[in-house]
Amino acid sequence: MKRIALIGLESSGKSVFLTSFYKNLEDKIRKNEKIGGKSGLERIVKLNEDNIPFISLFAKRAKPVPFDVDENSDSLHRNRWARKTFKPQYISFELFTKTGNISGKIPQIPLVNTSLNWCKSRKYTIYDFPGERLRDTLIYKFEDYLSWSKYMFEEIFSGKAYSGYRELSGSYVELFQDKNLSKERILSEYKKLLYNTYLNGRGGIITPSSFLLSTDGERKTGKKSNIDGVGTVCGLDENTEFAPIPPDLMAVNQNLFIEFSSNYDEYRKRFVLPNFNIIETADEMVILIDILDVYCGGYPKYKATTEMLENIFPVCKSSSWNPWRIKKVLFVATKTDRIPEATRDNVLPLLKSLTTSFVNKLSNYNPPKIEYRTCSACNSTFPADNNNLNNVKGYRMVDGKLKACQYEGGFMLPKDWPRNESSDWGKPLVAFLPYFPNGKPPRFFEFDDIAKHMLF
């Protein structure tokens, strides 16, 4: 069985991608069309949990839930985007390929003709991983609280490892000049720092991820309007929270260190490791990146994206004790139908620019095969007249009805990313709704090329 981890930051389009991919796969098999340049695919069959290796091995609390492709497809048909991923999900299926047939009479039953198709099959499991959970990679990387906390102060907050954090974290670091800080004050100030990080587009280092998405996977705890941190959680729950503290405070306040260390261990053992064990069972990884979202966020969003990719490096690295580490990575720029055709040639170079540092790190080990592709899993736009870069057209709900609308003030993707934070680029663009006729799968631009690299 081939196991594929589908990952990306929040709102990169994972649920839509997976829904559209499966529905298009079903449709093309039904129509007996080529898929990924291959013909003869006879049928596709969903697999239940009993027929999926590894799924039954997960503990109950860590077990991914089935991906509801039909419910998400219904949402798209109602011109609503697919449901956000709150918990790790999976979809498993078996593809049957006809390899030949035997025709003739059955000897034991004269005068009865038969035609038997000889088939071979291959099984697939695709995991849909919540984007927020990628922010726990540092906790996955560091086995103990002391190592993680030191790294946060010496590398993250100092600005050595990631750009822009020295400025954002200055007030939090200075806080510890007071050795008599209460636990409540530390947690409150750390949450303010996480909000500031989120609001300034440097969202790669928001850890623990339970600050953004609660561990029960049902509610978002981070709200832009609530910058005082009330209602958010930095741990498994409000009773097991933790935050990084400098080493000298650990020595002065050993009780606080022991409490935070215990909470960190519990969070890592009960939540982080089970989540990342799902990725560790994968053979391949598909990483979705919304190029337009990066463009709109400007240089800070660009840096946050590159840093997030560097953060997931430990999950991909091969090791002798775990033969299931990633052997192929497919980077996909999603939602490219929203980019004017005249400037789409810049998408792949920008995708490669975003991922260069990450790929270079992988090349120092047992490097996986790297591929780059573009796609739009469900169109929400239609071509502007004369390919006019000053217009982006799409579908929106107006007075309760779906209508074609035009966004004026268009854009052109740069040929190369700006090199500093003062670069004048990036702008907000209107969010459109999915649109396609009932009874048909979503229109998946570049489906055949994506299917070729995911399936064969």
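Are Y145 and F260 buried or exposed? I find that Y145 is buried and that F260 is buried too, where buried means under 20% relative accessible area, exposed over 50% and partly exposed in between, with a 1.4 Å probe and protein chains only.

Before going on, I note that this is a predicted model, in which local features need pLDDT of at least 70 and side-chain atom pairs count only at pLDDT 80 or more, while totals for chains, interfaces and linings use all residues. Residues are numbered from 1 along each chain as its sequence is written, and side-chain values use heavy atoms, with hydrogens and water left out.

Entry on the whole protein. I looked up the secondary structure and found twelve helices and eleven strands, taken as DSSP runs (helices H or I of at least four residues, strands E of at least two) and numbered from the N terminus. Of the 456 residues, 52% are buried.

Entry on aromatic pairs. My search of the whole structure gave 27 aromatic pairs, counted for rings of Phe, Tyr and Trp (its six-membered ring) with centres within 6.5 Å, where planes under 30 degrees apart are stacked, over 60 edge-to-face and the rest tilted. The rings of Y145 and F260 have centres 6.3 Å apart and planes at 70 degrees, so I record this pair as edge-to-face. Y145 belongs to helix α4 (residues 145-156) and F260 to helix α8 (residues 254-280), so that the pair links distant parts of the chain, 115 residues apart. One aromatic cluster includes both of these residues, with W148, F242, F257, Y264, Y267 and F271 among its members.

For F331 and Y372 I read centres 5.5 Å apart and planes at 20 degrees, so this pair is stacked. Because F331 lies in strand β7 (residues 328-333) and Y372 in strand β8 (residues 369-374), the pair ties together parts 41 residues apart in sequence. Both F331 and Y372 are buried.

Entry on charges over rings. I found K38 over the face of F456, at 5.4 Å from the ring centre, and K84 over the face of F86, at 5.8 Å; the criterion is NZ of Lys or CZ of Arg within 6 Å of the ring centre and within 35 degrees of the ring normal.

Entry on helix α5. In α5 (residues 165-174), I list Y165, L168, S169 and Y172 as buried. Seen down the axis, the buried residues of α5 fall within an arc of 80 degrees, so they line one face of the helix; the arc is that of the directions from the helix axis to the C-beta atoms. On the other side of α5, R166, E167, S171 and E174 are exposed.
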